[in-house]
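Reader: I am new to this structure. Please take one part of it and go through that part closely.

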Amino acid sequence: MQEKLLNIKNEALAQIINAKDIEELEDVRVEYFSKSSGKLTMVMKKLSELSTEEKVIVGRFANEVKKTLEDALESQEQLLGKQKLEEDKQEIVDITIPGKIPIRGRLHPTTIVFREMNEIFKSLGFSVAEGPELETEEFNFLRLNLPPDHPARDLQDTLYIKDPGVLLRTHTSSIESRILLKYKPPFRFVIPGKAYRFENVNASNNIMFTQYEGIAVGEGISMADLKGTLNTFIKMFFGENRKTRFRCKYYPQVEPGVGVDIDCPFCNQKGCNVCKYRGWIEMLGAGMVHPNMLRMANLDPEKYSGFAWGMGSDRIVMDRFKINDVRALYGGDIMYD
Amino acid sequence: MVYPLSWLSEYVKLPTLDKDLTDRLTMMGHMLDKRIQHGKEIIIDLELRGNRPDLLGITGLAREIHAYFEYSLKLPPTKKLPPINKSSNLVKVKAPELLERFMAFPLFVKVKASPNWLKKKLEYYGIPSINNVVDITNYVMLETGEPMHAFDISKLSGKSLILRRARNGELFTPFHGQTVPLTIDDLVISDLKTPQGLTIIGSKHSGVTYDTTSIILEAAVYKYANVRRTARRLGIRTEAGTRHEKILDTNFIQFSLERAYYLLEELADAKPSDGTFDFYPNLNKPKTIIVKISDIERLTGTEISITTAKSILERLGCQVIFKKGVLEVETPTFRTDLIESADLIEEIIRIYGYERIPTRQLAGEIPSIQTSSNLLLEEKIRDSLINLHINEIKTSSIIADTDYINFAQTTNYFPPVKIINPPDVNMSTLRPSLLINLVSAAVKALNFRQTETRLFEIGKIFYQDKPDKYMEVNKAGFVIAKIPQEKNDRTIQPNIAILNGVVSGLFEDLGIEYDIVSGGCHPSLDTKIQGEIRSKNNQILGSVGLLHPWIQQIIKSPVSIFAAELNIEEILNIYKSSTGSYSIYPPYPPIVEDISFEINKDSQIGIALAAVKKSSDIISKVEVVDIFQNSRTIRITYLHPEKSLSDKDISPIRQKILEILKNKFDLKPRVQS
């Protein structure tokens, strides 16, 4: 019997070593270890037919063979497993391969700028307002301290639907007139929107343009608040290190009036073409809401005060996204994909 | 306006460094536009505020410098005018409604060349030297800001002036430029026969020359709006006109004439030949404005002492009395821009220095947020469409008239809203639909070799509901177009499925249930291939469909374009807040079955599937999985939350579905699997 066991061991070991894959190895295991018909199993069953002394010797030998084969099976299994992993790795994979951006939708550049500005002002307690593009003389001019024949009205070349009576708003300030009439102070609004003027169209002037305006009215609001709010906005939108300059400037809607400049980033204030050699770029017009405007809205200027500001947003959008022609911005010329 | 520093320094001392001067002037409201240097000569060009005509004379700026730097102001010498002659025949005013004041007096003069210093000063402004008399009128205008004119009396028919309206068509020849026709809106300074001057420019005929021996010297303040209209209509721009278009001070012209008189006596041996004519019906008295001390800090947020405030106003030419918590301020008449307290507070703070205003964050109660629900909904729609891979465009509300005509193929569009004075006469229509610009942009993208374009816009459309009743409505629109994989593939249905997929995603994000019903009357969509998006209570939320083939042809689109336009207001009525629902993986496996059938031209598969889905609680999903010619395959997913389903559970439901499809919708299944 020992001879038989030895033969089985050698035969099995040879088969185990030659097994090329896990399935073949499994077949070998079944061939020798299967409960019903495995070769080793059959021989070990015959142990019971031996005498007691023979049982001890042959039994010990049989167990050694069994263990040897089991160990061999296990280590061959591991070897075959690792080999398989190695084989799988034969495919050449390059981690640096450039990817293709999945299809996505993109916001219009002006929306992105408006949203950023809105977020800044929302954190300062402002709400967002909107209003009609078709306006009347009353809200576009009269309530903004621009009576007929006011010299400043020349600068507003108006597009009329009906003269007089109905026009396309020349600035988003018309919405300020409506806000003053509709809401009781205190209130704070920002107003992103489109406006229209009679212009000779070229790369930097369009009939339609966008503006970003704002107004805050209440009791005890002063130029110090105007400075603080606009400073915060400029630093949050243009960068923490930006410098601002608040100087006296005239607009019919405000008194005192303020022009807000920021330092020219292109030349570090040394003077260049962009800032017309002034070192500063005009960014916003602002000031304290003119008492006439408050009176026309039945608000007592002795009790209430407020500040307002406005800026042209197209130039900011074009600078940020490096678009050189305003007609492309609103002409559907932007390539998205 | 340009200011040569050497001339300016005749009236006030200047800081040593011109940068210190211009930096301060910029802060005070007169921004430095350019600095020009010729050798030692420095000239500054300032951008002036529109309401400060007093700065259009160099002495006006000198006063500003005196107000801040406190160097003494040296006004130039003047000579008192001859006494007023109330019965003077020198001037007849026939159009008093166009004048505020007209002063004139006659002089004997010796006309010769101007001295060099005078010529040089005019050169800074590009004004040519003519002779001493003409040059003095220009010089005084530059010095004081008040235009004035001298007429040669001997060249005036009647040796006097008449101020009247022109006759329609009456001709006038300015001393430089072409003859122009006038209207009755134009004020002329005329002799007995012909106009000798307009408010903005004198004539060729009656100007002062070397053989002139007597003149009428005049200065006036006209109604500025009228001057502006004349200047604009005739297209004539002059130094005088620029000043007359602003609100000038009637009081001040006296000072200017006195200055001119002084110079004429010095340089032209001038002697008066009669008294002064003065038409001045409304005496301009200085006004008194009350400024509450408390308002200074309330508005500027800056603590300024009463002494400082008073002293600033006095240096600007005001008379100030402090009593009982207010400043009683009598403003100089040449400051026509100072009307009320806020104007004076600006004066105080701008001379004090805006850079000294502290910075403070808006304090106080944060007002309740009042962003309109319409804007919030628009942002939601925007985000949803971006997530559905549609790109946003923003376009003008004004469209080309031909675009309007191309799109208004049917008569279903309301009359459009039109601009009556467009800069480009071919672009005078306001868009009645967002699809016009969207389609245009889509075609542009395809022509620029994009294989696919998906665009949306949220904005306003316009139309006339009734004559003169102008409507402005918020809409959202999107278009999808693609170049097909196979060149001649013109099938429409798969693209409709894509279009509806976007609609589906959007409304799922908004938490709104809807049906698409075939039919509808959007004027720019194919009459047979469009549908209405209807809410569960039958509100029309929008339209979807194929762009009308006539339009596709006219605009030369290479492929079919699929479009939708949504009514934001109707959506707003239903929209509560996005719900959207999420579920967890089902514990029990579903059973999935496909059914194919042929459709016919009246099939409305969307409605059929909605009915199928409703037919049993354990149908969790019904979707279209294949579109091939006229065959459709739908996939039905059966799912029970508490047990594994078997064919026994499914079989009766399947039967019901087949019946519904056959009997209610005339859809006969071809194959069952």
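**A strand and its partners in chain B**

Author: β7(B) and strand β10 (residues 187–190) of chain B are paired in the antiparallel sense, with four bridges between them. Within this pairing, Arg164(B) is the residue that stands opposite Val188(B) in β10(B). The model is a predicted one. β7(B) also has a parallel partner: three bridges join strand β4 (residues 91–93) of chain B to β7(B). There, Val91(B) stands opposite Leu161(B) in β7(B). Strand β7 covers residues 161–165 of chain B, and four of its five residues are buried, so the strand is largely enclosed by the rest of the structure.

A helix of chain B can be described in a like manner. Helix α3 (residues 58–69) of chain B is also largely enclosed by the rest of the structure, because ten of its twelve residues are buried. Among the buried residues of α3(B) are Ile58(B), Leu61(B), Arg63(B), Glu64(B) and His66(B). At 1.5 Å a residue, the twelve residues of α3(B) should span 16 Å, and the end C-alpha atoms are 16 Å apart, which agrees. Just after α3(B), Glu70(B) takes a positive phi of about 70 degrees.

Two further helices of chain B pack against each other. Helix α10 (residues 306–315) of chain B meets helix α11 (residues 341–352) of chain B at an angle of about 100 degrees, and their axes are 9 Å apart. α10(B) is therefore roughly perpendicular to α11(B). Residues making the contact include Ile312(B) and Leu313(B) of α10(B), and Leu344(B) and Ile348(B) of α11(B). By type, the residues of this contact are seven nonpolar, one polar and two charged.

Note on methods
Residues numbered from 1 in each chain as written. Chains lettered and ligands numbered in written order. Predicted model: local features only at pLDDT ≥ 70, side-chain atom pairs only at ≥ 80, totals over all residues. Heavy atoms only, no water. Axes fitted to C-alpha atoms, helices over the stretch in contact; angles between N-to-C directions. Helix = DSSP H or I, 4+ residues; strand = E, 2+ residues; numbered from the N terminus. Parallel < 35°, antiparallel > 145°, perpendicular 65-115°, else oblique. Contact = heavy atoms within 4.5 Å. Nonpolar A, V, L, I, M, F, W, Y, C, P; charged D, E, K, R; others polar. Expected span 1.5 Å × (residues − 1). Buried < 20%, exposed > 50% of the residue type's maximum accessible area, 1.4 Å probe, protein only. Pairing = 2+ DSSP bridges.
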